[in-house]
Protein chains: 4
Amino acid sequence: MDKLRVGVLGATGMVGQQFVRLLGDHPYFHLASLTGSSRSAGREYSAAVDWVVSRSIPKSARNIIVTESTPGWIRDQNLDLVFSALPSDIAGPLETTLAQYGLPVFSNAGAHRRDPHVPILIPEINPEHIGLIEHQDYAGFIVTNSNCSTSGLVFGLKPLLTFGIEQVIVTTYQAVSGAGRHGVSSLDISGNVIPYIENEEEKMEWESRKILGQMRENKILSSDFEVHASCARVPVIDGHLESIVVDLRESISTEAAMNLFKEYSWGLNTSEINLPTAPQNPILLLSEKDRPQPRRDLTYDLDDLGMRVKIGRVRVRGSKVSFFLLVHNTLRGAAGASVLNAEFALAHGYLTKSEVES
Amino acid sequence: MDKLRVGVLGATGMVGQQFVRLLGDHPYFHLASLTGSSRSAGREYSAAVDWVVSRSIPKSARNIIVTESTPGWIRDQNLDLVFSALPSDIAGPLETTLAQYGLPVFSNAGAHRRDPHVPILIPEINPEHIGLIEHQDYAGFIVTNSNCSTSGLVFGLKPLLTFGIEQVIVTTYQAVSGAGRHGVSSLDISGNVIPYIENEEEKMEWESRKILGQMRENKILSSDFEVHASCARVPVIDGHLESIVVDLRESISTEAAMNLFKEYSWGLNTSEINLPTAPQNPILLLSEKDRPQPRRDLTYDLDDLGMRVKIGRVRVRGSKVSFFLLVHNTLRGAAGASVLNAEFALAHGYLTKSEVES
Amino acid sequence: MDKLRVGVLGATGMVGQQFVRLLGDHPYFHLASLTGSSRSAGREYSAAVDWVVSRSIPKSARNIIVTESTPGWIRDQNLDLVFSALPSDIAGPLETTLAQYGLPVFSNAGAHRRDPHVPILIPEINPEHIGLIEHQDYAGFIVTNSNCSTSGLVFGLKPLLTFGIEQVIVTTYQAVSGAGRHGVSSLDISGNVIPYIENEEEKMEWESRKILGQMRENKILSSDFEVHASCARVPVIDGHLESIVVDLRESISTEAAMNLFKEYSWGLNTSEINLPTAPQNPILLLSEKDRPQPRRDLTYDLDDLGMRVKIGRVRVRGSKVSFFLLVHNTLRGAAGASVLNAEFALAHGYLTKSEVES
Amino acid sequence: MDKLRVGVLGATGMVGQQFVRLLGDHPYFHLASLTGSSRSAGREYSAAVDWVVSRSIPKSARNIIVTESTPGWIRDQNLDLVFSALPSDIAGPLETTLAQYGLPVFSNAGAHRRDPHVPILIPEINPEHIGLIEHQDYAGFIVTNSNCSTSGLVFGLKPLLTFGIEQVIVTTYQAVSGAGRHGVSSLDISGNVIPYIENEEEKMEWESRKILGQMRENKILSSDFEVHASCARVPVIDGHLESIVVDLRESISTEAAMNLFKEYSWGLNTSEINLPTAPQNPILLLSEKDRPQPRRDLTYDLDDLGMRVKIGRVRVRGSKVSFFLLVHNTLRGAAGASVLNAEFALAHGYLTKSEVES
């Protein structure tokens with residue numbers, strides 16, 4: 001198969017670096033363009049980026065000349081799709097323009113998540129939401145992934161929906177990488193906890209309900225349970241930990257709750273589960289009494305690429321289920337989510353080599 | 001006034017050191033005896049202790065010879081009361097024996113907190129609970145303070161009781177000093193969160209309901225609301241932060257909730273509020289959007305000795321009140337709580353110079 | 001005595017905040033003006049500053065309206081002297097202009113430290129260098145303090161000069177506060193060491209030799225020994241630790257080296273030692289085997305305002321003396337140093353109430 | 001080839017875990033026995049160990065029953081060699097006994113490093129030292145690897161020996177994993193530096209001179225230059241960083257020094273360089289201005305198993321060469337070093353399948 005030509009917009013930031021790492025040697029996608037700020041533009045990627053994700057820069061990316069994120073230039077690169085790691089204010093109009101030009105846009109930005117015809121797609125959870133793009137008024141389309149902490153939460157909630165959810169209380173311990181390359185000063189967070197992250201609680205509260213909502217013809221009916229989020233930053237590099245308390249409609253046993261997490265039948269079929277970025281099972285239930293822990297459990301063994309959500313300490317009291325959940329915020333919660341979305345869209349015929357070039 | 005002669009049991013540990021710091025130059029109490037493990041016994045306190053609390057060792061304590069915690073020896077020291085910072089397994093039988101000998105025991109240990117006639121006393125919250133000691137079968141008596149994280153929680157709950165509490169969800173970010181001098185290895189907690197603290201959730205759940213319970217003749221009727229706690233250790237030195245969500249019996253406005261925290265009328269009368277270890281107002285409500293923070297807000301100004309609980313980010317949605325709360329775990333949550341209890345007992349005539357010596 | 005009216009230039013940054021804290025209730029100086037960036041200008045100090053130093057903002061500073069650092073405006077404030085916490089590039093021309101206007105300038109910036117007639121003054125070490133200002137071509141004058149890590153080093157070297165110094169090797173462990181409010185990203189320094197600080201090694205190498213140099217008529221003859229510095233950032237909030245190895249001209253005993261540090265006769269006379277910001281003894285020699293430690297020893301007891309340099313682990317092998325040294329980088333190494341310089345200048349008649357106003 | 005049967009003594013500690021990780025799927029060695037403390041004995045390894053090194057426990061080790069480190073039992077296991085991660089006090093007599101029984105012992109413990117016939121072997125540096133074991137009075141033999149911080153230092157010194165070394169000044173930034181599983185309390189090291197590690201400076205000073213010494217018939221003549229070490233613990237998980245200043249006998253250019261580090265011809269021949277645990281080049285010279293950094297550079301790319309020492313910031317002034325060096329303390333400085341020694345010994349005919357069994 002000829003690989004599809006892809007661009008990464010905002011390739012020098014934290015999430016942009018993860019995109020480059022995941023796409024540097026991808027079986028379906030060929031890294032063709034990288035954009036960055038005016039400061040980076042004109043330099044080779046290896047010189048422009050302050051690379052901080054694990055392992056060195058993929059060879060295929062090192063010598064790509066970074067350009068500014070101008071729509072006309074991007075349009076002319078003969079790309080089959082783009083990934084967007086842009087800041088939300090820039091992402092909004094630019095992604096719209098690119099979709100109008102006919103480009104499929106897989107975006108980690110929050111700008112279009114509220115658009116009624118734009119899905120917040122997580123293939124294991126709401127694969128049918130991809131159908132929304134058929135209702136978009138673009139020559140191309142826009143698919144978003146969720147905010148990083150939301151991406152963990154919904155994996156904990158989806159299996160419990162089987163029993164009906166009345167209410168969700170979630171409190172987070174979020175890593176500094178979620179704030180970007182220079183987002184949190186060491187003076188602020190060392191030996192400290194900051195109980196505030198701008199807009200984060202609101203995002204968790206409505207995004208999770210859209211993601212878990214029902215497709216009704218050409219729109220999504222958000223879930224009707226309430227979500228109450230309290231978000232804090234902790235001195236951890238990578239990995240958002242969440243303490244989640246869910247009120248179900250009926251009582252269940254601890255064993256039943258554990259089994260739900262272990263054996264839930266997720267939304268990917270047998271072939272989709274072998275998509276390059278899809279984990280065999282998106283949840284890993286840990287039985288140790290003090291797990292999951294961010295520094296230890298983000299990548300659990302050699303097969304773990306950071307796309308599995310870890311759950312532990314499941315406690316049930318009547319109809320109330322409590323647990324801790326860990327999500328890799330820049331992979332499952334950002335770049336990895338977006339790449340999986342593109343793989344899923346490709347498997348479903350929404351991406352073709354000719355789509356852009358013709 | 002002649003100062004009362006006091007002993008500190010378990011004086012070399014974290015909480016023991018805070019007792020020594022608070023009692024080294026106390027207007028009512030004279031530090032007369034210090035006990036420690038067999039390893040410390042026979043050495044001057046300044047040589048036996050691995051001092052880590054702020055500021056240097058009080059001069060009055062430096063040259064006291066540490067002895068083992070044997071009941072006979074303690075009885076013979078002519079003490080008017082003792083403070084106990086012992087581990088719970090040792091504290092149980094030893095405190096009983098000392099109380100039988102006629103000594104008033106102010107204990108930070110958990111051993112006797114469940115005893116029906118032993119109060120978990122917090123003078124601002126349940127001053128009337130001190131009356132329980134009249135029903136104890138000891139020549140002396142035992143008064144306990146609560147577990148460190150509980151001590152913060154109840155300050156957040158007490159004002160809200162005005163509106164009736166239906167349910168409490170609390171998630172904690174607890175400091176390593178809560179685990180004692182060598183309780184948490186750097187390898188475990190650096191850049192990490194550990195979502196488990198042994199017995200902590202259970203303690204928060206029942207202790208808070210006993211503390212907020214009603215005195216009924218000679219016993220306490222625990223509050224009837226449910227508390228669901230999820231506890232985690234974070235890489236912070238001192239200060240437990242708690243994310244608290246309370247379901248009230250009725251809806252209130254955000255302003256009403258803020259006012260409750262600001263203007264609540266606590267249990268200490270005008271003279272008691274001037275007890276040496278009592279803060280003028282036990283709650284400090286912070287208005288900044290990202291406070292309280294453990295490293296910044298534990299001691300807020302020069303008058304702040306760490307006995308004030310800080311509350312911030314009050315959010316109200318219908319009858320659900322959410323907020324973050326910060327408590328100094330080794331002061332308000334341990335040694336300071338116990339010293340305040342003794343001051344309060346003295347003010348109420350439960351301690352006299354003659355009580356032990358006669 | 002009428003207090004002198006002082007301004008702090010660059011009052012919202014890390015060092016600026018320490019200036020405000022030290023001057024908020026100073027016996028000689030009255031805080032009259034605060035300048036900041038255009039972003040801060042026009043707002044009350046308490047609203048403009050992101051206050052992070054310990055304790056709350058002094059009342060005397062809270063309501064001062066921050067203005068931009070424009071020379072004309074500063075000149076018109078009827079100030080008797082200014083303290084400068086400006087970035088070096090702005091400080092250079094602005095301080096020159098203010099000195100030309102007749103203002104005494106006490107600067108923490110590096111801009112003028114190399115000027116032959118501008119002293120890098122540390123009253124305990126080179127009090128005679130203040131005489132340099134008589135050779136400046138300004139109506140006012142400029143006095144600088146040294147770079148933060150240099151300020152520690154020279155306290156370790158000065159006593160050893162008694163025996164002649166041949167060579168100095170210094171390796172540092174520097175705190176993040178030295179890089180300013182947002183100088184070090186948590187992503188970079190958490191659980192890490194960064195073995196590079198821009199220009200720092202060079203500063204330590206030449207500044208220390210100027211400070212320890214001899215006044216020769218109207219200029220300074222730098223010391224002739226070599227200094228080799230290797231500087232690194234560590235995940236510490238405040239306090240620069242330095243490992244120092246000094247080759248002396250002759251062998252000495254460990255005891256002699258210890259005595260030098262303990263009993264050295266510093267440059268302040270009996271009255272000067274009582275200047276508000278001067279410590280009784282600028283060195284505290286610690287005897288514990290594992291001290292000094294940044295988090296524990298920066299302020300040692302209630303009298304310790306952070307102006308004492310701590311030294312420990314003195315080891316002597318022939319003529320080679322090794323030790324660790326700790327300096328409070330934003331106090332002894334910045335704002336405190338500058339305030340002490342002003343107090344010293346006042347005591348020596350270089351500052352008068354009339355100097356500016358007449 | 002039939003794999004040799006190996007045992008790991010002290011398999012549950014930090015270094016023991018690294019041994020198990022390296023030997024769990026080794027081409028030459030089969031993990032046959034694991035010993036631990038009396039607390040671990042009798043349990044399966046996966047239950048006995050508190051596993052903290054990266055990735056999960058190798059399958060081949062999970063079900064091995066841990067036994068106590070009793071010499072008779074070890075002798076009867078039909079082992080071809082043992083690796084020792086025992087504490088030094090236990091290691092001393094036990095290793096001697098096992099060597100007397102005829103077992104080859106590859107030890108990370110310090111107990112026998114000073115024995116004149118026991119090499120501190122680093123194949124890339126002093127391969128000829130392995131010849132020492134022919135002079136040991138054991139049926140088996142003992143080979144040690146160096147202390148963790150020494151193992152880094154000598155890689156920095158060996159190339160410079162070409163120009164003659166007069167003196168070495170080294171200051172360290174050492175990770176907490178070097179102190180063992182519970183060696184450093186979070187309360188002590190969080191946001192702090194501890195300028196003392198017991199016996200560490202002494203070990204660096206004499207071990208490095210033995211390692212770089214000349215074989216003279218049946219003994220080693222230590223190098224004659226002086227080493228002055230100052231050691232400190234920093235809040236880093238893994239990786240010792242060292243600031244090294246070397247006085248050479250003659251001046252060299254910066255370029256010459258860089259080339260030495262880049263192109264030095266190490267002691268392994270072409271076939272030995274392909275030993276499973278040997279890196280292709282034991283030094284990686286980094287050109288970035290702020291490297292090496294412990295958290296980022298310990299394992300540089302997918303081929304990097306932690307056995308390469310990283311060097312950066314090479315600065316030359318006359319005959320004085322300064323640089324920073326990073327070594328993976330539990331791999332190159334401990335378990336990895338020992339495994340490489342065994343591979344090297346096997347390649348040189350010192351280990352055979354029959355040696356123990358016959």
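**A walk through the chains**

Let's begin in chain C, where strand β1 (residues 4-9) and strand β4 (residues 81-84) run parallel and pair over four bridges. Before I go further: this is a predicted model, where local features need pLDDT of at least 70 and side-chain atom pairs count only at pLDDT 80 or more, while totals for chains, interfaces and linings use all residues. Residues are numbered from 1 along each chain as its sequence is written, chains are lettered from A and ligands numbered from 1 in the order in which they are written, and side-chain values use heavy atoms, leaving out hydrogens and water.

Back to that strand pair. C:Val6 sits opposite C:Leu81 of β4(C). When I say two strands pair, I mean DSSP finds at least two bridges between them. Helices (H or I, at least four residues) and strands (E, at least two) are DSSP runs, numbered from the N terminus.

So which sheet do these two strands belong to? In chain C, six strands make an open sheet with parallel pairing, in the order β3-β2-β1-β4-β5-β6. At the edges you'll find β3 (67-68) and β6 (141-144) of chain C, each pairing on one side only.

Now for a different kind of strand arrangement, over in chain B. Strand β13 (residues 309-317) of chain B is mostly covered, with seven of its nine residues buried. Buried here means under 20% relative accessible area, exposed means over 50%, and partly exposed is in between (1.4 Å probe, protein chains only). β13(B) runs parallel to strand β12 (residues 283-285) of chain B, joined by three bridges, and B:Ile283 has B:Val309 as its bridge partner. With strand β14 (residues 320-327) of chain B, β13(B) runs antiparallel over six bridges; there, B:Arg317 is partnered with B:Lys320. β13(B) and β14(B) form a hairpin with two residues between them, and B:Gly318 in the turn has a positive phi of about 65°.

While we're on that loop, hop over to chain A. A:Ser319 is in the loop between β13 (309-317) and β14 (320-327) of chain A. Is A:Ser319 buried or partly exposed? It's partly exposed, at a relative accessible area of 23%. Setting aside neighbours within four places in sequence, A:Ser319 is in contact (heavy atoms within 4.5 Å) with A:Val246, A:Asp247, A:Leu248, A:Glu250 and A:Ser251.

Next, helices. Helix α1 (residues 14-23) of chain A is mostly covered: eight of its 10 residues are buried, including A:Phe19 and A:Leu23.

The helix I'd really like you to look at is α11 (residues 331-347) of chain B. It has 17 residues, but its end C-alpha atoms are only 21 Å apart, short of the 24 Å a straight helix would reach at 1.5 Å a residue. That expected span is 1.5 Å times one less than the number of residues. Where does α11(B) bend? At B:Ala337, by about 50°, taking the bend as the angle between axes fitted to the seven residues ending there and the seven starting there. Of the 17 residues in α11(B), 16 are buried. Just after α11(B) comes B:Gly349, with a positive phi of about 80°.

On to the rings. A search of the whole structure turns up 45 aromatic pairs over all chains. Rings of Phe, Tyr and Trp (its six-membered ring) pair if their centres lie within 6.5 Å; planes under 30 degrees apart count as stacked, over 60 as edge-to-face and the rest as tilted. B:Phe141 and B:Tyr350 form an edge-to-face pair, 6.5 Å centre to centre with 75° between the planes. B:Phe141 lies in strand β6 (residues 141-144) of chain B and B:Tyr350 in the loop between α11 and α12 (353-357) of chain B, so the pair ties together parts 209 residues apart in sequence. B:Phe141 and B:Tyr350 are both buried. In chain A, ring pairs link A:Phe19, A:Tyr28, A:Phe29, A:Phe83, A:Phe106, A:Phe141 and A:Tyr350 into a cluster.

Last, how do the chains relate? A rotation of 180° with 0.0 Å of shift along its axis superposes chain A on chain B, RMSD 0.0 Å. That's the relation of a two-fold axis. The superposition is by least squares on the C-alpha atoms of residues with pLDDT of at least 70 in both copies. And 100% of the interface residues of chain A are also interface residues in chain B, so the copies meet through the same surface.
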